[in-house]
Amino acid sequence: MVLEGFRTVRGISRSLCIYYGDRSRAAAMDRLYGSFVRRGDLVFDIGAHVGDRVASFRRLGARIVAVEPQPAMVKLLRLFYGRRADIAIEAAAVGRLAGQTSLMINAENPTVSTASPAFVSAARDAPGWENQHWRKSVSVPVTTLDALIGKHGTPAFIKIDVEGFEEEALLGLSRRVKALSFEFTTIQRQIAIACIERCVALHYTRFNAALGESQTFVNADWVGGEEIARWLAGLPHAANSGDIYAALD
């Protein structure tokens with residue numbers, strides 16, 4: 001128990017240094033999200049982790065619903081943002097149906113904790129993922145994007161970063177939102193392809209992407225779903241991860 005607690009504190013500290021320690025990264029994030037978010041807009045941050053995106057959305061003047069299932073991360077979010085009138089914190093995972101799920105915790109690197117057994121299987125022995133370990137599981141509540149919209153209102157933008165559970169999250173969305181993003185990894189391209197297909201089914205026609213934490217679009221002009229899927233399929237494994245953005249006309 002003591003060792004697990006030490007791993008959790010060390011993992012959180014590492015995340016805080018990475019995600020809050022670079023001012024140029026924060027400025028780039030604000031420029032990127034400023035493409036979608038205006039002062040007074042409502043934004044959903046699905047998989048809020050340590051809240052660096054929450055901070056960016058807040059700098060842009062948005063109201064935020066921060067959704068995070070990891071108990072340690074929820075405590076941190078409440079410490080940082082729990083008294084803010086413009087931020088609501090939901091301690092839950094997001095999936096296709098409301099209920100409960102098992103969350104696999106990576107204490108050393110909590111940013112890759114996941115509700116997806118397939119994500120853990122894909123990471124096992126994959127190049128670049130050798131030192132990742134999910135040593136603990138906890139039961140967490142699951143809500144849906146539709147339920148969050150019913151409770152908080154329709155957001156202008158939804159950011160989804162849930163480590164292989166992105167398709168499940170999008171399957172719980174049936175309402176039109178102006179724009180959204182979801183994370184992809186090269187160890188699970190098929191999940192990202194399914195997310196693109198889901199976005200097309202929801203009538204999103206314009207797509208773009210950013211690699212890693214670059215906070216920079218890879219395409220000067222937005223493209224269609226088929227083209228962004230081909231781009232994703234052609235990425236080298238070493239690209240590792242990034243985010244795909246989808247917008248309505």
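Trainee: Which residues of helix α4 are buried?

Mentor: In α4 (residues 71-81), they are M73, V74, L76, L77 and Y81. Buried means under 20% relative accessible area, exposed over 50% and partly exposed in between, with a 1.4 Å probe and protein chains only. This is a predicted model, where local features need pLDDT of at least 70, side-chain atom pairs count only at pLDDT 80 or more, and totals for chains, interfaces and linings use all residues. Residues are numbered from 1 along each chain as its sequence is written, and side-chain values use heavy atoms, without hydrogens and water.

Trainee: Why is W134 called buried?

Mentor: Its relative accessibility is 18%, and the cut-off is under 20%, so W134 counts as buried. F119, at 0%, is buried too.

Trainee: Why is the pair of F119 and W134 called edge-to-face?

Mentor: Rings of Phe, Tyr and Trp (its six-membered ring) pair if their centres lie within 6.5 Å; planes under 30 degrees apart count as stacked, over 60 as edge-to-face and the rest as tilted. Here the centres are 6.2 Å apart and the planes at 90 degrees, so the pair is edge-to-face.

Trainee: How do you know that R206 sits over the ring of W222?

Mentor: R206 lies over the ring face, at 4.7 Å from the centre. The definition asks for NZ of Lys or CZ of Arg within 6 Å of the ring centre and within 35 degrees of the ring normal.

How values were computed
Helices (H or I, at least four residues) and strands (E, at least two) are DSSP runs, numbered from the N terminus.
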